[in-house]
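Please look over the sequence and the model below. A short report on selected sites follows.

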Amino acid sequence: MSVKVTWLGHAALALEIDGTKVLVDPFLTGNPLAAADPDTIEADVILLTHGHGDHVGDTVAIARRTGAKVIANNEVSIWIANQGVKDTHGMNPDGAYDFGFARIALTIAFHSSSMPDGSYGGEPNGILITTKEGKKLYLAGDTSLFSDMRLIGEKRIDLAVLPIGGNYTMGPDEALQAVKFIHPNAVLPIHYNTFPVIQADVVDWARRVHNETPSKVIVVDPGGSFEV
Ligand code: NI
Ligand code: MN
């Protein structure tokens, strides 16, 4: 079974893995690029990379409405539980856990992670998803470039999802180097053009990745889908 990936704008993704509906960083309300309605979107599982508002987004409302399980670092998961979400699961990097539809591990990321109310959100993360048939998706989260991305690349990544917008995260130059470290089969750029400070020329970036790496670049508009 392939994984269906839909970019919902900014860092928000909807994944369909073996019939399980997975949302990642569902920031929809207040997201000028949002390609889904937080009041009707379906979710079985919500994955969060860190505590910032442009990632936690509508998680609490969606999880309370749908009963979705929220998986995040320990501090973020406790904060989410304290907002009245019944089903949460806290983790820390490299502690992979099999959730049935996939095996999930958090990875390190270099960023910050306060919650929307300013409380401590633990360390920020990337997320490694391994499906039952062994497909691997690496969602880098908000991060700078770091050389240990080479180690993540040794796992043979089918799809890497990388921020390219700069200012808060890697910009285009660092994200290009990240592709060279990870050498995924395919790469999806995200976290750009949502706000004036993170404008990026994605067409130029895709051309550079195409010219300088063997990885396939997937560029979609918010709401666009593809299969991995
Ligand atoms: Ni952030
Ligand atoms: Mn962010």
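How far apart are the manganese ion (ligand 2) and the nickel ion (ligand 1), and which residue coordinates both? The two ions are 3.3 Å apart, and D142 coordinates both. This is a predicted model.

## The manganese site

Four protein donors hold the manganese ion (ligand 2): D54 (OD), H55 (NE2), D142 (OD) and H191 (NE2). They lie 2.1 to 2.3 Å from the ion. Along the chain, these donors follow the spacing D-H-x86-D-x48-H. D54 and H191 link distant parts of the chain, 137 residues apart. D54 sits in helix α1 (residues 53-56). H191 sits in the loop between β12 (186-190) and α6 (202-212).

Are D54 and H191 buried or exposed? D54 has 17% relative accessibility, so it counts as buried, the cut-off being under 20%. H191 is at 0% and also counts as buried.

## The nickel site

The nickel ion (ligand 1) is coordinated by H50 (NE2), H52 (ND1), H111 (NE2) and D142 (OD). The distances are 2.2 to 2.3 Å. The donors are spaced H-x1-H-x58-H-x30-D along the chain.

Why is the nickel site irregular? The angles among its four donor atoms run from 89 to 176 degrees. Tetrahedral geometry needs all angles between 85 and 135 degrees, so the 176 degrees rules that class out. The site of the nickel ion (ligand 1) is classed as irregular.

H111 lies in the loop between β8 (102-108) and β9 (125-131). D142 lies in the loop between β10 (136-139) and α4 (149-153). The pair therefore ties together parts that are 31 residues apart in sequence. H111 is partly exposed, with a relative accessible area of 25%. D142, the bridge between the two ions, is buried at 3%.

## Helix α3

Which residues of helix α3 (residues 74-82) are buried? They are V76, S77, W79 and I80. These residues cover an arc of only 160 degrees around the axis, which means that they are on the same side of α3. In general, an α-helix has 3.6 residues a turn, so residues three or four places apart point the same way.

The buried residues of α3 pack against α1, α2 (59-66), β5 (69-73) and β6 (88-91).

N73 caps the N-terminal end of α3. A side-chain oxygen of N73 lies 2.9 Å from the backbone nitrogen of E75. Just after α3, G84 takes a positive phi of about 95 degrees.

Technical notes. Residues are numbered from 1 along each chain as its sequence is written. Chains are lettered from A and ligands numbered from 1 in the order in which they are written. This is a predicted model: local features need pLDDT of at least 70, side-chain atom pairs count only at pLDDT 80 or more; totals for chains, interfaces and linings use all residues. Side-chain values use heavy atoms; hydrogens and water are left out. Donors are N, O and S atoms within 2.8 Å of the metal (3.2 Å for Na, K and Ca); water is not among the atoms, so sites may look incomplete. Helices (H or I, at least four residues) and strands (E, at least two) are DSSP runs, numbered from the N terminus. Buried means under 20% relative accessible area, exposed over 50%, partly exposed in between (1.4 Å probe, protein chains only). The arc is that of the directions from the helix axis to the C-beta atoms. Contact means heavy atoms within 4.5 Å. A polar contact is a pair of N or O atoms within 3.5 Å; within protein, one must be able to donate a hydrogen and the other to accept it, and residues adjacent in sequence count only if both atoms are side-chain atoms. Four donors count as tetrahedral if all angles lie between 85 and 135 degrees; four count as square planar and six as octahedral if opposite donors are over 155 degrees apart and all others between 65 and 115; anything else is irregular.
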